[in-house]
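Here is a short briefing to read alongside the model. Take a look at the fold, then follow the points below.

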Amino acid sequence: MQLDMRLQDGFIIEKTRELDENEFIFRDSFVIGSDDIWQVFNYINKNSNVVIEKMKGENIVPTRYQDHQVFGIRITRKEL
């Protein structure tokens, strides 16, 4: 009697690579640091017809007590 010892519910990854500049991976529910989100925003700024810029913080009032480190963004179309 021959036993088949292969498990069909998995994969073997033989090669890996760094993400390309236009690839971003996130969890379904995540907390992202501002440096990481600005990497995404900078890519959008560079490769689209919009500009994402950080708003001045002194005019932002958090709506929940735990949101003491918030920042706002403004999205506008690029001038042609």
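Predicted model: local features only at pLDDT ≥ 70, side-chain atom pairs only at ≥ 80, totals over all residues.

**The aromatic pair**
- The structure holds one aromatic pair. The ring centres of Trp38 and Phe41 are 4.9 Å apart and the planes meet at 85°, so the pair counts as edge-to-face, since planes over 60 degrees apart fall in that class.
- Helix α1, which spans residues 34–47, carries both Trp38 and Phe41. Trp38 and Phe41 are three residues apart, or about one turn of the helix.

**Overall layout**
- The protein contains one helix and two strands, and along the sequence they follow the pattern α-β-β.
- Of the 80 residues in the protein, 10% are buried.
- Among contacts with a separation of 6 or more, 37% are between residues 24 or more positions apart.

- Is Asn45 buried or exposed? With a relative accessible area of 17%, Asn45 is buried, because the cut-off for buried is under 20%.
- Asn45 belongs to helix α1. Leaving aside residues up to four places away in sequence, Asn45 touches Val50, Val51, Ile52 and Lys78.
- Asn47 is also a residue of helix α1, but Asn47 is partly exposed, with a relative accessible area of 43%.
- Which backbone oxygen does the side chain of Asn47 reach? The side chain reaches the backbone oxygen of Tyr43, at 3.0 Å.
- Asn47 and Asn22 are 25 residues apart in sequence, and their C-alpha atoms are 9.2 Å apart in space.

- Phe71, Ile73 and Ile75 make a nonpolar surface patch of about 240 Å².
- Ile73, one of the patch residues, sits in strand β2, which covers residues 73–77.
- The relative accessible area of Ile73 is 31%, so this residue is partly exposed.

Methods
Residues numbered from 1 in each chain as written. Heavy atoms only, no water. Phe/Tyr/Trp six-rings, centres within 6.5 Å; stacked < 30°, edge-to-face > 60°. Helix = DSSP H or I, 4+ residues; strand = E, 2+ residues; numbered from the N terminus. Buried < 20%, exposed > 50% of the residue type's maximum accessible area, 1.4 Å probe, protein only. Contact = heavy atoms within 4.5 Å. Patch = residues over 30% accessible without salt bridge, like charges linked within 9 Å, V, L, I, M, F, W, Y side chains within 5 Å. Areas by Shrake-Rupley, 256 points an atom, 1.4 Å probe, with all protein chains shown as cover. Salt bridge = Lys/Arg side-chain N within 4 Å of Asp/Glu carboxyl O. Polar contact = N/O pair within 3.5 Å; in protein donor to acceptor, adjacent residues only side chain to side chain.
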